[in-house]
Amino acid sequence: MLAIPGFVDPHTHIPFYGERSEEFALRAAGKSYVEILKSGGGIYSTVKKVRGVSIDALVIENTKYLEWMLKSGVTSLECKSGYGLDFKNELKQLRAIKKLSEKVPQTLISTFLGAHAVPPKGEKAYFTELIDMMKVIKSESLAEFVDVFCDEGAFSVESSFELLKLAKNMGFKIRAHAEELSSNGFASKAAELGAVSVDHIIKIKDEEISTLKKYGTIALLMPTTSFYLKTAYAPARKLIDNGVPVALGSDFNPGSNTFYSPLFVSHLAVNHLGMTPTEALTAQTLNAACVLGIENEVGTIETGKNADIVILDAPRLEYISYMPTNEIVKAVFKNGKLVTANE
Ligand code: NIG
Ligand code: FE
C-alpha cells in the first residue's frame, strides 16, 4: 500500500444543478463549446436549472458529488458560484457551499465567480450588480476568492481587469479563468494584478510565461477539460521548465468536463501534459493547497499538519497515473479520522 497526502482539487464548479448530456452529444457531432454558449446554451442552460431550485435541493445534489470525490481521495477542494448570474442566485450558491461544508468531511474553499457569463442586461449593467454582490459577500465572509471567466463569449479583458482590481482592493484573493479558449493576454495581466493562480491557460503566449514566474503566479492546469472538449493541452512542460509553479485541478462541471477523479487527472498530466508522476502528485497536493492558501494545514504528510491521508493499493507512485481507477483507493483519512474505506 502507498500512503499519499489527501488530494486537493483547487478548481471545481460545485455546486451546480442538472445535467447537459444533450450538449455533449451535440459536441460529439461537431458543434463547438463556444457555438453552444453563444446560442444561449452551455453555462446559461445550467443557470436556468440552478435558478429553478431551492438551496436545499442544491445541497442534496452536490453532496452526492462531494461523496464521489471523497471516495476518489479528494479531502479538500474549491467550490464556486457562477451559475446564478444575479444577486439572489449567486448568493444562493455561495450559501449552499457554506451548508455543504458543514455536511461533508472535506475542507471547502469558496470562490465568487459572478463573472462567469454575461447575462442579457449586458456587461456594463451587470458590472454594477457584481460590485454590489461583492460588498455583501465580503461582509458575510461568503467567499475568499473572486474569479472571472475572461474569454471569447464571456467577459472582456477590460472588465475582467477592472473587476479583479476592485475585488483585490476590497480584500479578496483573486484568480482567473484565463486563455482557455482564446489567446487574449489575460494570464499575464491577472498575474501582474496579483492573482494567486491563472487557470486553464491552454492558449497562453510564450512571452507571458516570464511574467507568471516574476509574480510567483501558480499555473493551474486542468487536462480533463482539454480531453473532454477535444482541445489542445496547456504547455505544462514549458511552464515548469521556466520556473512557474504548476497545480492541477479537475474543473468538474456539467458542461466542459464531468471527470472528477484526481487519478484520471494524474493520468492525463503524465500522458498528455508531459509531467512526471512526482510532479503530478505535487501539483495535486502541495501546489494545489498553495492555490487555496491551506498549505500550512494540508498538502503534505508531516508533523504539524492535519492528517489528510489517502491509502492506495499501489506498489509505487508511478502506479497512480498508470492505473487511474478509483478501485485502488482503499482508505481516506480526513484530519486523522477514517472517512472512506473501500473493500
Ligand atoms: O472552466 N470556462 C468556464 N467555465 C467552465 C465551464 C462551465 C460550464 O460549461 O458550465 C470551465 O470550463
Ligand atoms: Fe472552470
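1. Spacing of the iron donors. The donor residues of the iron ion (ligand 2) follow the sequence pattern H-x1-H-x163-H-x73-D. In this predicted model, the ion is coordinated by H11 (NE2), H13 (NE2), H177 (NE2) and D251 (OD), at 2.0 to 2.3 Å. Donors are N, O and S atoms within 2.8 Å of the metal (3.2 Å for Na, K and Ca); water is not among the atoms, so sites may look incomplete.

2. Distant parts of the chain. H11 belongs to the loop between β2 (7–9) and α1 (21–28), and D251 to the loop between β9 (246–248) and α12 (262–271); the two are 240 residues apart. Helices (H or I, at least four residues) and strands (E, at least two) are DSSP runs, numbered from the N terminus.

3. Polar atoms facing ligand 1. A polar side-chain atom of Y33 lies 2.5 Å from an oxygen atom of ligand 1. For H177 the corresponding distance is 3.2 Å, and for an N or O atom in the side chain of H200 it is 2.9 Å. A polar contact with the ligand is a pair of N or O atoms within 3.5 Å.

4. Cover of ligand 1. Taken alone, ligand 1 exposes 330 Å², and the protein buries 100% of that (Shrake-Rupley method, 1.4 Å probe).

5. Basis of the note. Residues are numbered from 1 along each chain as its sequence is written, and chains are lettered from A and ligands numbered from 1 in the order in which they are written. Local features need pLDDT of at least 70, side-chain atom pairs count only at pLDDT 80 or more, totals for chains, interfaces and linings use all residues, and side-chain values use heavy atoms, with hydrogens and water left out.

Methods. Polar contact = N/O pair within 3.5 Å; in protein donor to acceptor, adjacent residues only side chain to side chain.
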